[in-house]
Each structure stands twice: as structure tokens, then as C-alpha cells.
Amino acid sequence: MLRLSATWLVAVVLIVAVGGVFFFCEYLIYFPTILKCAWPKIGNVRAVEGSEEVRAMVLSDTHLLGAVGGHWFDKLRREWQMERAFQTALWLLRPHIVFILGDIFDEGKWSSQKHWEDDVRRFHRMFRHSTDTELVVLVGNHDIGFHYEMDWFKLQRFEKVFNASTTRIVTKKGVNFLLLNSVALHGDGCPICQSVEKELIRLSRELNCSLQSSHSSGAAMEGCNGSQLYPASAPIMLQHYPLYRVSDAGCTGQDAAPPEERHLLFREKYDVLSKEASQRLLQLFKPRLILSGHTHSGCEVLHENKYPEVSVPSFSWRNRNNPSIILASVSPVTYSLSKCFLPEESTVISVYCSAGACLLLLFLAHCLWMKGLLQCLSLCLLGKHKSL
């Protein structure tokens, strides 16, 4: 009876411990980690009459695995991590708007229609959100292919899913967010490139007209007849590819590229935009901030000593051990950024390994204790038998 009771007690302890560790690693761990994050403070957001602060959450390179290269366990593990991190961040941080800077899917550039629809369904499940939060998605090279792989079918398929053009301006509370299809900025005259170039020129003219109108007291502005007017605020530019830089050699921080990779030279039109395209964008829009993805690592760069760019690391454990998101508090005249780190995959693995080792020791101790108890009972019974 004693042996049976002890066995049941150990079994209950093991089951409760396993369940507790699993619940912590797969659900609870995201809460204390993200609770450390906070929206950065900015100055007087009422400096522009009627304006208020926009809380924007920015992430990048989710790379939802497809049917070709995605092992089922890898897909399950990484997608659960991203879903829990995203849903917990939404619940705790309450952003007004969320931007995902491209490479939403890993195999969008070659997936069949059936597989594409499955990927889209999983994306909408993972990144579901309330009507209080706007979700804005940018296009990346894995969504429609590199420049030499993209075509109208893949581009329009992407735009149809997210019900918006890949090059446009999103305005929120007086703040202009300029979204670019950076995959099409090769400048080689391809049909999609020409279309994007025309759109950029139009948007640049409309932003310039909007700035002029704020100082013109209603006077007619040359070349601005019929132009759509936006709030008179320099744009924040968002894109998948970073602007041109030689390498990540100047990048620092715990989410920067590994030291052995920082001095590797970037290839224009593959790792970063070309010099010409980068200069053209800065001349057209004069952005007060650039946010980009693609490299899977964090970096801060100052272009021409006046245009800051922040590269946002990948959101997925598949691409890095310590994913993070950018929290941006933005007004029409200023902004402030902070970085919110998510649980590290190595931490979760360590917790599982430590818990597994402790449970194994407990089980072995129980076995040894039971063995000793049996030996003790055997000796007692043997002694009684001899005395009789």
C-alpha cells in the first residue's frame, strides 16, 4: 500500500511539473518579458493643433514557412512563438498601428495558389487583431521574389490579400507613413519598376504640395492643382530593403549581426538598395526616419548626416535567437523609439532541459527509494520467518 501511494504521488508530481513547465515556456514567459517594455516618451505632442501621439509597433521578416522548405515541427514551433509574442504584445502594449516590413511569407515567390492560400490563412490566424489596431503589411523579396523573379501576378496576388497598393502613404493622427515596394527600385526600366517610379514621383509631389499649402495661406500653388493633400509633416519611410550601406561594421547592440558577419560587404540590389536608388529616395522625400528590414539584424545608420535609418531584426526564432520589435511614439513634429526584446529561444530550451534533468533525478531518486524500501521489507519479512 505504501509503495502504491508513493508511486501515485510521484506520478502526480511529474505530471503537474511537466504541465507547469510547458505552460510557462509556451505561454507565460511572454508576459514578464514584454511587461518590461514601454512606449517611449516624446515632447509636447500638442505642438501641432489637434494632433496627438501615434503608438506604432514595427516588426519584420516573419517568414511563415511554406509547403516546400518547411518541416512541420519547425513550422509549428516558430509560428507558435510568433503568434504568442504578437498576441501578448497587442494585449499588453495596445498599439494604434502595426507595421510588418516585408518577407511575410518564406515561399511566396514560388508557392502555388493552394499553398499561398494556406499560408495566408495561417498569417491571418497568427496576426489577428481588434478593430482598435490597424495592421499594415509591406512587401518583401520572399513575398513576390527578387527583382528578376517578381511579376504582375505575384505582386497583384499580394496586394489583393492585403487590400492595398504596395507603394502608398498611410496617414494616422497627422503622421505620414510612406510605404515603399523596395523590391521594384532597381531602376532598370522593368514594367513594375516604371509603375513604382511614377507612383513615387506622384507621392513626392503631393507631399511637397501639402508642405507648401501649410505656408501659403490658401494661395494657389504651382503644379499642385488636383493633388491630394496630406498633413504638413515630413514622412516616416518604411521599406523592406535597407538604404545603401557598405556593411554592418558600424552596427552595435545585442541584436546586431554576429561579429564575424558585420564586416561582410553588402551587395547592392540584393542585400541593400543601390546607391542611386537610395539617394533618389532621400532627394524625393527627405524622410525624418527610415525603418527597414531584410538583414534579420538590428542596426542604426545616419545617411548624409541627417536621415536616420533603423533596421528592424527578424521577428522569428528561425532567423535569430533574440527577436525584437520597435516601439515608436510619433507625432507630426517628433518621434521617439525604443526596442522591445522578446523571449530568447535559448532561454526556453534551457528551461526545458533544466526541468527535464530535475524530473529525471526525481524519478531516479524515487526508483532508488522504492528499491531500498523493497529491500528493507524483504529483510524484515525474512527476519520474522527465521524467528518463527
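One aromatic cluster is formed by Phe 86, Phe 105, Trp 116, Phe 123, Phe 127, Phe 158, Phe 162 and Phe 315. Here rings of Phe, Tyr and Trp (its six-membered ring) pair if their centres lie within 6.5 Å; planes under 30 degrees apart count as stacked, over 60 as edge-to-face and the rest as tilted. The model is predicted, and local features need pLDDT of at least 70, while side-chain atom pairs count only at pLDDT 80 or more and totals for chains, interfaces and linings use all residues. Residues are numbered from 1 along each chain as its sequence is written, and side-chain values use heavy atoms, with hydrogens and water left out.

Trp 116, one of the cluster members, also has a charged neighbour: Arg 157 lies over its face, 4.3 Å from the ring centre. A charge sits over a ring if NZ of Lys or CZ of Arg is within 6 Å of the ring centre and within 35 degrees of the ring normal. Arg 84 is placed over the face of Trp 80 in this way, at 5.6 Å from the ring centre.

Across the whole structure, a search finds 13 aromatic pairs. Among them is the pair of Tyr 27 and Phe 31, which is tilted because the ring centres are 5.5 Å apart and the planes stand at 50°. Phe 31 also pairs with Trp 91, edge-to-face, with 6.0 Å from centre to centre and 75° between the planes. Since Phe 31 lies in helix H2 (residues 30-35) and Trp 91 in helix H3 (residues 72-93), this pair ties together parts that are 60 residues apart in sequence. Helices (H or I, at least four residues) and strands (E, at least two) are DSSP runs, numbered from the N terminus.

Phe 31 is buried at 18%, Tyr 27 is partly exposed at 31%, and Trp 91 is exposed at 53%.

Tyr 27 also belongs to a nonpolar surface patch with Phe 23, Phe 24 and Leu 28, and together they have about 340 Å² of accessible area. Phe 23, in helix H1 (residues 2-28), is partly exposed, with a relative accessible area of 43%. Patches are made of residues with over 30% relative accessible area and no salt bridge; like charges are joined within 9 Å, nonpolar side chains (Val, Leu, Ile, Met, Phe, Trp, Tyr) within 5 Å. A salt bridge is a side-chain nitrogen of Lys or Arg within 4 Å of a carboxyl oxygen of Asp or Glu. Accessible areas come from the Shrake-Rupley method with a 1.4 Å probe; for residues, only the protein chains shown count as cover.

The cysteines come next. The whole structure holds three disulfides, a disulfide being a pair of cysteine sulfur atoms within 2.5 Å. Cys 37 is joined to Cys 340, S to S 2.0 Å. This pair links distant parts of the chain, 303 residues apart: Cys 37 is in the loop between H2 and strand E1 (54-59), and Cys 340 is in strand E11 (residues 335-341). Both Cys 37 and Cys 340 are buried.

In the disulfide of Cys 190 and Cys 193, the sulfur atoms are 2.2 Å apart. Cys 251 and Cys 299 form another, with sulfur atoms 1.9 Å apart; its S-S torsion is about -70°, so the disulfide is left-handed.

Cys 25 is buried, at 0% relative accessibility. Its sulfur is 9.9 Å from the closest cysteine sulfur, in Cys 353, too far for a bond.

How values were computed: Buried means under 20% relative accessible area, exposed over 50%, partly exposed in between (1.4 Å probe, protein chains only).
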